[in-house]
Amino acid sequence: METNKFHEKIKGQPFAVLSDLVYDFLLEMIITMKMLPGTRINEAQIAKQLEVSRSPIRTAIERLINERLVIKESGKNPFVALITPEDCLQITQARIVIESNASYLASQVIDRVNLEKLKKLALDYEKIVDNIELDGFETCDHEFHSCIVSASGNPYIIEMYNCIQSRVLRYRYYLRHRLGNHTLQKILKGSIKSHWAICYALEIGLPTVARDEVERHSDAMRDVFAKW
């Protein structure tokens, strides 16, 4: 199924750089837990699976190694980076620094379009979390927080967030893999009110409240990681 999507992308983007398409394919597999942490990456096997030469595979893997999503070992096939409690705590710390300041700025400059988008995402998230299947919670939550960062209007903050957002999304998928839907649902239900509180702080224009609410929201997830 995933291979079919890759070939459809090639047909839809005939002038795209092949190594970029391979990179996107592998990145999605890693983020969504279709390639679990610790999985060995066999260059020849992937080339056969995707029906491409090994050169673009190698280039894509090197990019992932540079981004620390894949780990290289001397004399062995590289493997998908492990996810440890320490990693989760550190990425949460980075999120707090970036997103709390982004929300502080966004509360002063956010426009109606972004505000309505945030409210829709908060509503969609609430509906998703009410269902035990939790289908799409990862991307919905990710879009909500990405929207806050974008609404800040600060290109440097946006650039910093872009550097970590693939890892942040990966941790969201890992939560489901690690905890299971029933345990995760209980945790996520607590974040519904937090999403709405952030929306209202941004709408009314309360920078300190918006910043503090984002920090509390992220701290709640840090507490989850700390219990692993």
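Student: Okay, is Glu51 buried or exposed?

Tutor: This is a predicted model, and in it Glu51 counts as exposed because its relative accessibility is 64%, which is above the 50% cut-off for that class.

Student: Where does Glu51 sit, and what is its phi?

Tutor: Glu51 is placed in the loop that joins α3 and α4, and its phi is near 60°, a positive value in a residue that is not glycine.

Student: What comes after α4?

Tutor: Helix α4 is followed by Arg68, which has a positive phi near 65° although Arg68 is not a glycine. Arg68 lies in the loop between α4 and β1, and because its relative accessibility is 59%, it counts as exposed.

Student: What about α4 itself, how far does the helix reach?

Tutor: Helix α4 covers residues 54-66, which makes 13 residues, and from its first C-alpha to its last it reaches 18 Å, close to the 18 Å expected at 1.5 Å a residue.

Student: Which of its residues are buried, and what covers them?

Tutor: The buried residues in α4 are Pro56, Ile57, Ala60, Ile61, Leu64 and Ile65, and what covers them includes the helices α2 (18-31) and α3 (43-50) together with the strands β1 (70-73) and β2 (76-80).

Student: Switching to α6, what span should it have, and what does the model give?

Tutor: Helix α6 runs over residues 112-129, and at 1.5 Å a residue its 18 residues should span 26 Å; the C-alpha atoms at its ends are 26 Å apart, so the two values agree.

Student: Now Ser218, where is it, and what does it touch beyond its sequence neighbours?

Tutor: Ser218 is found in helix α10, residues 207-226, and it counts as buried because its relative accessibility is 0%. Leaving aside neighbours within four places in sequence, Ser218 is in contact with Thr92, Arg95 and Ile96.

Student: What about Ala94, which helix holds it?

Tutor: Ala94 belongs to helix α5, residues 85-109, and with a relative accessibility of 24% it counts as partly exposed. Ala94 and Gln49 are 45 residues apart in sequence, and their C-alpha atoms lie 36 Å apart in space.

Student: Zooming out, how many helices and strands are there?

Tutor: The protein chain has 10 helices and two strands, and along the sequence they follow the pattern α-α-α-α-β-β-α-α-α-α-α-α. The radius of gyration is 19 Å, close to the 17 Å that the globule rule gives for 228 residues, so the chain is as compact as a globular protein of that length.

Student: Last one, how do the charges work out?

Tutor: There are 30 positive and 30 negative side chains in the protein chain, and the centres of the two sets lie 4 Å apart.

How values were computed. Residues are numbered from 1 along each chain as its sequence is written. This is a predicted model: local features need pLDDT of at least 70, side-chain atom pairs count only at pLDDT 80 or more; totals for chains, interfaces and linings use all residues. Side-chain values use heavy atoms; hydrogens and water are left out. Helices (H or I, at least four residues) and strands (E, at least two) are DSSP runs, numbered from the N terminus. The radius of gyration is taken over C-alpha atoms; the globule rule is 2.2 Å times the number of residues to the power 0.38. Lys and Arg count as positive and Asp and Glu as negative; His and the chain ends are not counted. The place of a charge is taken as NZ of Lys, CZ of Arg, CG of Asp or CD of Glu. Buried means under 20% relative accessible area, exposed over 50%, partly exposed in between (1.4 Å probe, protein chains only). The expected span of a helix is 1.5 Å times one less than its number of residues. Contact means heavy atoms within 4.5 Å.
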